[in-house]
Amino acid sequence: MTLRIDVVTIFPDYLAPLDLSLIGRARRDGLVEVHVHDLRTWTHDRHRTVDDTPYGGGAGMVMRPEPWGEALDEICSAVRGRTPRIVVPGPGGEPFTQAEARRMASEEDWLVFACGRYEGIDERVYEEFAGRYPLSVLSLGDYVLNGGEVAALAMTEAVVRLVPGVVGNEASLVEESHEDGLLEYPVYTKPPVWRGREVPAVLLSGHHGQIARWRHEQRVERTAQRRPDMLDRRAAGDGPQRPTISASE
Ligand code: ADE
């Protein structure tokens, strides 16, 4: 079944990159169906208001529940017989990982991204829709963006590139950072010498066993240097150990 992705936002133009490159082609090839919606469609006042001041006081504005309620009611019931997963990107969510991208690419057929802005969406929207649909609050990382749009773009790209047929060479998806708990090895192409810098001799040797060993060592060294936390998790047997791509994909 074609993966369907809906994005609800007050800045539909932010999602324009979904027309480009790999995802644009996947859409044209019918491998993924993307719909971007303006949340203000579901407002009824002259100013198309989506936010208001927080009860209890504090800085900033909170997104009102009514437009979200109407938008998600309508969008989530748009396909008879199908149930979407609602994804709310936010810095307070669970970490979005390669494992979750892979799970979504293989197990979900419909994702609805609800992109919040300001200080967030009224909590009752989460309660209402978590009671009716699978719902995930997911964070890109430990930093704060202005809204969920960039995160929805990033998550869409991470998931869609794993849909069979989207990336031409599927083998290239296995040997990647985060697929088995190690970062990727360094890569080189022609020319063999550039500004006096030589390509490591082993890569020109033609010894496949030695090349594989060298690449593995580079991955471990690089991971130890840049992401020691990943090696700790690997040693504890926690997290991806082997490529998680299945033979049927
Ligand atoms: N919205 C704001 N900050 C975010 C983050 N770190 N991840 C996902 N969505 C966000």
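Predicted model: local features only at pLDDT ≥ 70, side-chain atom pairs only at ≥ 80, totals over all residues.

Me: Why is Glu 33 called partly exposed?
Reply: Its relative accessible area is 32%. Buried would need under 20% and exposed over 50%, so with 32% Glu 33 falls in between and is partly exposed.

Me: And where does Glu 33 sit in the fold?
Reply: Glu 33 belongs to strand β2, which covers residues 32-38. The chain has eight helices and nine strands.

Me: What makes the pair Glu 33 and His 35 a polar contact?
Reply: Their side chains come to 2.8 Å. The cut-off for a pair of N or O atoms is 3.5 Å, so a pair at 2.8 Å is within it and counts as a polar contact.

Me: Which residues does Glu 33 touch, leaving out those up to four places away in sequence?
Reply: Glu 33 touches Thr 2, Leu 3, Arg 4 and Ile 5. Touching takes heavy atoms within 4.5 Å.

Me: How far apart are the C-alpha atoms of Glu 33 and Trp 110?
Reply: They are separated by 9.3 Å, while the two residues are 77 apart along the chain.

Me: How much of the chain is buried?
Reply: Buried residues are 40% of the 249. Each of those has a relative accessible area under 20%.

Terms used: Residues numbered from 1 in each chain as written. Heavy atoms only, no water. Helix = DSSP H or I, 4+ residues; strand = E, 2+ residues; numbered from the N terminus. Buried < 20%, exposed > 50% of the residue type's maximum accessible area, 1.4 Å probe, protein only. Polar contact = N/O pair within 3.5 Å; in protein donor to acceptor, adjacent residues only side chain to side chain.
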